[in-house]
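I opened my notebook to look up a protein fold. Here are the entries, in the order I made them.

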Amino acid sequence: QVHMVESGGGLVQAGGSLRLACAATGSIFSIHVMGWYRQAPGKQRELVADITPVGNTRYADSVKGRFTISRDNAKNTVYLQMDSLKPEDAGVYYCYANQWRAGSFEDYWGQGTQVTVSP
């Protein structure tokens, strides 16, 4: 069993910053991709950013240049530094990780943390 424990959401004014963190704990052998998704009310969950174990990253076009994803492999922790936040960045942010196990990838999700951006 792998658990993803998130922290760092909250309320911030537009233009401000927040830093999210998410640690994977439990039956971990070798976490592969880690990342962040978000879901705004009435919208589908979308990828914000993800990162491979060697540091290759990808970002949603809407956050490029403002958000930075990083990870600490020794701690199985992924971070999302969010700068220049906009009201449209608001939503529930979910961390994600996968791991190769017993012949297939297993996906793990955090419980979600709310990010609110006031105009």
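Which residue of β5 stands opposite Y37? I looked, and L47 stands there.

**Ground rules.** I am working with a predicted model, where local features need pLDDT of at least 70, side-chain atom pairs count only at pLDDT 80 or more, and totals for chains, interfaces and linings use all residues. Residues are numbered from 1 along each chain as its sequence is written, and side-chain values use heavy atoms, with hydrogens and water left out.

**Overall build.** I found eleven strands and zero helices. (Helices are DSSP runs of H or I with at least four residues; strands are E runs of at least two; both are numbered from the N terminus.) I checked the radius of gyration, taken over C-alpha atoms. A compact globule of 119 residues would have one near 14 Å, and the protein has 14 Å, so the two agree. The globule rule is 2.2 Å times the number of residues to the power 0.38. The C-alpha trace spans about 45 × 25 × 20 Å along its principal axes.

(Buried means under 20% relative accessible area, exposed over 50%, partly exposed in between, with a 1.4 Å probe and protein chains only.) Next I looked at contacts (heavy atoms within 4.5 Å). Of those with a separation of 6 or more, 54% join residues 24 or more positions apart.

**Strand β4.** I turned to residues 31–39, which form β4. Seven of these nine residues are buried, so β4 is largely enclosed by the rest of the structure. Then I looked for its partners. (Two strands pair if DSSP finds at least two bridges between them.) β4 runs antiparallel to β9, residues 91–101, with seven bridges. R38 stands opposite Y93 there. β4 also pairs with β5, residues 46–51, in the antiparallel sense over five bridges. Six residues lie between the strands of this hairpin, and G42 takes a positive phi near 80 degrees.

**Strand β11.** Which residues of β11 are on the covered face, and which on the uncovered one? I listed T113, V115 and V117 as covered, and Q114, T116 and S118 as uncovered. In a regular strand the side chains alternate between the two faces of the sheet.

I checked the neighbours of β11 too. β2, residues 10–13, runs parallel to β11, joined by four bridges. Q13 stands opposite S118. β9 runs antiparallel to β11 over three bridges. Here V92 has Q114 as its bridge partner.
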